[in-house]
Amino acid sequence: MAKTSKVAKNEQRKALVAKYAAKRAALKELIRTAGDLETRVRAQTELAKLPRDANPNRVVNRCAFTGRPRGFLRRFGMSRIAFRDKALAGEIVGVTKSSW
């Protein structure tokens, strides 16, 4: 199990990303399409003033069961270890142990 504080901090980051998503998108679009340099620089400054944790890159994919950040399988939303346990127990539909 991961530390509950790390999992909680990641949830706070997800909330911040959702809160500032529209504002970030508007500023990014303004930076991309701004005609003059002054407008672009002002938008970049505003973007830099937003909280760092509002950036979606700072959200870590974590296992839904254990909170483990490494070995994450996106398709299943869990770590490789939890995936193996659930698959061997037959709790994941469509996944079977292969043998050849």
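My entries follow, starting with the ground rules.

**Ground rules**

I'm working with a predicted model, where local features need pLDDT of at least 70, side-chain atom pairs count only at pLDDT 80 or more, and totals for chains, interfaces and linings use all residues. Residues are numbered from 1 along each chain as its sequence is written, and side-chain values use heavy atoms, with hydrogens and water left out.

**Entry: two helices together**

I began with α1, which covers residues 4–33, and α2, which covers 37–49. Helices here are DSSP runs of H or I with at least four residues, strands are E runs of at least two, and both are numbered from the N terminus.

How do α1 and α2 pack? I found an angle of about 155° between them, with the axes 9 Å apart. The axes are lines fitted to C-alpha atoms, for helices over the stretch in contact, and the angles run from 0 to 180 degrees between N-to-C directions. So α1 and α2 are roughly antiparallel to each other. For the angle words, under 35 degrees is roughly parallel, over 145 roughly antiparallel, 65 to 115 roughly perpendicular, and the rest oblique.

I then listed who meets whom: R24, L27, K28, L30 and I31 from α1 meet T39, R40, A43, Q44, E46 and L47 from α2. Contact means heavy atoms within 4.5 Å. I sorted the residues of this contact into five nonpolar, two polar and four charged. In that sorting, Ala, Val, Leu, Ile, Met, Phe, Trp, Tyr, Cys and Pro are nonpolar, Asp, Glu, Lys and Arg are charged, and the others, Gly among them, are polar.

T39 sits in helix α2. Skipping neighbours within four places in sequence, I saw T39 in contact with L30 and A34. Its side chain also makes a polar contact with the side chain of D36, at 2.6 Å. A polar contact is a pair of N or O atoms within 3.5 Å; within protein, one must be able to donate a hydrogen and the other to accept it, and residues adjacent in sequence count only if both atoms are side-chain atoms.

Next came R13, over in helix α1. Is R13 buried or exposed? R13 counts as buried, because its relative accessibility is 18%. The cut-offs are under 20% relative accessible area for buried, over 50% for exposed, and partly exposed in between (1.4 Å probe, protein chains only). With neighbours within four places left aside, R13 touches D53, R58 and V59.

**Entry: the loop between α2 and β1**

I looked up two residues in this loop, N61 and T66.

N61 is partly exposed at 37% relative accessibility. Beyond four places in sequence, N61 is in contact with R68, P69, F72 and R74. I also noted that N61 and G77 are 16 residues apart along the chain, with 8.1 Å between their C-alpha atoms.

T66 is partly exposed too, with a relative accessible area of 25%. Which residues does T66 touch, not counting those up to four places away? I got M1, A2 and S79. A polar atom of the T66 side chain lies 3.3 Å from the backbone nitrogen of R68. T66 and L50 are 16 residues apart in sequence and 31 Å apart in space, C-alpha to C-alpha.

**Entry: R80**

Last, I checked R80, which lies in helix α3 (residues 80–88). R80 counts as partly exposed, at 48% relative accessibility.
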